[in-house]
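Here are my notes for your first reading of this structure. Please keep the view open beside the text and go through the points in order.

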Amino acid sequence: MAVINNGRALANVVASQIALHAEYGGVVPELATREHLRNFPPVANAALKQAGIEAPDIEVACSTAGPGLPQALMMGSRAAQGFAFALNRPYLAIHHHEAHLYSPWISGEPPEAQWDEFEPNVSLIVSGGHTLLVHVKGICDHEVLGGTLDDAAGECFDKTAKLMGLPYPGGPVLDKLAEEGDPEAHAFPRPLLKNPGYEFSFSGLKTSVRYFLRDNPKVLEEDSGLKDLCASIRAAILEVLVAKTIRAAKKLGVNCVTSSGGVSCNAGLRRALTERCEKFGFELRIAQPSLCTDNAAMVGILAERKWEQARQPDSLDCAIRPGWQL
Ligand code: KG4
Ligand code: ZN
């Protein structure tokens with residue numbers, strides 16, 4: 001939960017569930033629901049305390065209504081709607097990915113929006129659930145160029161890491177090991193790289209890693225074998241992500257490229273995007289690591305902006321939208 005005032009997060013409290021789900025190797029929806037219920041009161045109180053305000057000081061309540069895990073969306077949205085109802089305040093339902101689109105324009109500590117620096121851009125949203133390339137023409141004006149046809153990039157990192165026996169979430173662990181490996185050790189497919197569109201597909205890459213491990217199980221016995229494998233998988237995923245992002249930026253004639261979502265924490269991705277953007281003269285803005293992953297500050301900062309622009313509240317009983325398309 002975050003408290004926002006004039007584009008600035010007065011509080012941004014995160015209750016992470018990673019340690020809990022790690023035991024099961026992935027998110028367990030029932031556990032997530034229980035934890036959200038358990039965490040909400042202390043998180044809400046901590047956010048109000050950190051911001052130095054009382055509940056009635058809140059002018060507008062908001063939540064992300066989707067896309068995402070239904071149980072989590074339900075908990076957050078009903079809490080925000082209940083808050084709005086009790087205090088007789090407006091409520092705004094915010095699109096999860098729309099909030100990600102603007103997180104590269106939030107920086108500093110505490111996080112603060114830099115709307116005046118905003119530029120039309122091509123934005124790569126890469127997380128455990130989604131891989132999206134978006135043309136952001138203006139603030140709250142965007143067009144989706146393409147998404148994944150199957151697994152998301154983060155899912156591919158996590159699942160291939162799991163095949164190698166790495167702990168959950170595998171993405172950051174694989175990334176760290178890849179730093180010391182040879183990206184050219186193994187040639188994994190670059191799905192849809194030559195395809196002119198902006199679609200992605202990562203399930204075939206995952207399958208080829210599975211077959212590779214079936215045929216070469218000894219590769220995991222050596223530390224260097226594991227690192228080379230990680231580096232080769234990462235290189236395959238990143239080459240497609242970066243090539244399509246740069247191709248879109250060139251074609252659409254924007255000056256700026258942005259990236260957000262959990263996978264934007266990836267050291268290799270940050271480096272590759274930096275190199276390619278420098279080469280082709282694009283300004284690059286990647287969300288700061290704490291704002292790459294899901295957070296309330298980005299949702300609140302966008303909600304405040306939307307409220308200032310249109311003053312259009314959403315219904316207090318509007319349903320969550322787990323499959324909401326951007
Ligand atoms: O945006 P996020 O916090 O949650 C959603 O999926 O909505 O992203 C989490 C994803 C996980 O798949 C995680 O493995 C991946 O982001 N991730 C990374 C890295 N850090 C987080 N993947 C690759 N390299 C990383 N350094
Ligand atoms: Zn997200």
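1. A residue is called buried when its relative accessible area is under 20%, exposed when it is over 50%, and partly exposed in between, with a 1.4 Å probe and protein chains only. Helices (H or I, at least four residues) and strands (E, at least two) are DSSP runs, numbered from the N terminus. The model is a predicted one, in which local features need pLDDT of at least 70 and side-chain atom pairs count only at pLDDT 80 or more, while totals for chains, interfaces and linings use all residues. Residues are numbered from 1 along each chain as its sequence is written, chains are lettered from A and ligands numbered from 1 in the order in which they are written, and side-chain values use heavy atoms, without hydrogens and water.

2. Look next at helix α6 (residues 170-178), where Gly170, Gly171, Leu174, Asp175, Leu177 and Ala178 are buried. They lie on the same side of α6, because they cover an arc of only 165 degrees around the axis, the arc being that of the directions from the helix axis to the C-beta atoms. The face turned away from this buried side carries the exposed residues Pro172 and Lys176. The buried residues of α6 pack against α5 (153-163), α8 (223-252) and α9 (267-280), where contact means heavy atoms within 4.5 Å.

3. Which residues coordinate the zinc ion (ligand 2)? They are His96 (NE2), His100 (NE2) and Asp294 (OD), at 2.0 to 2.1 Å. Donors here are N, O and S atoms within 2.8 Å of the metal (3.2 Å for Na, K and Ca), and since water is not among the atoms, sites may look incomplete. Along the chain the donors follow the spacing H-x3-H-x193-D. His96, in helix α4 (residues 96-102), and Asp294, in the loop between α10 (289-292) and α11 (296-310), are 198 residues apart, and the pair thus links distant parts of the chain. His96 counts as buried because its relative accessibility is 13%, whereas Asp294, at 48%, counts as partly exposed.

4. Two cis peptide bonds deserve a careful look. One runs from Gly66 to Pro67, with omega near -5 degrees, and Pro67 lies in the loop between β3 (61-66) and α3 (70-87). Another joins Tyr168 and Pro169, with omega about -10 degrees, and Pro169 lies in the loop between α5 and α6.
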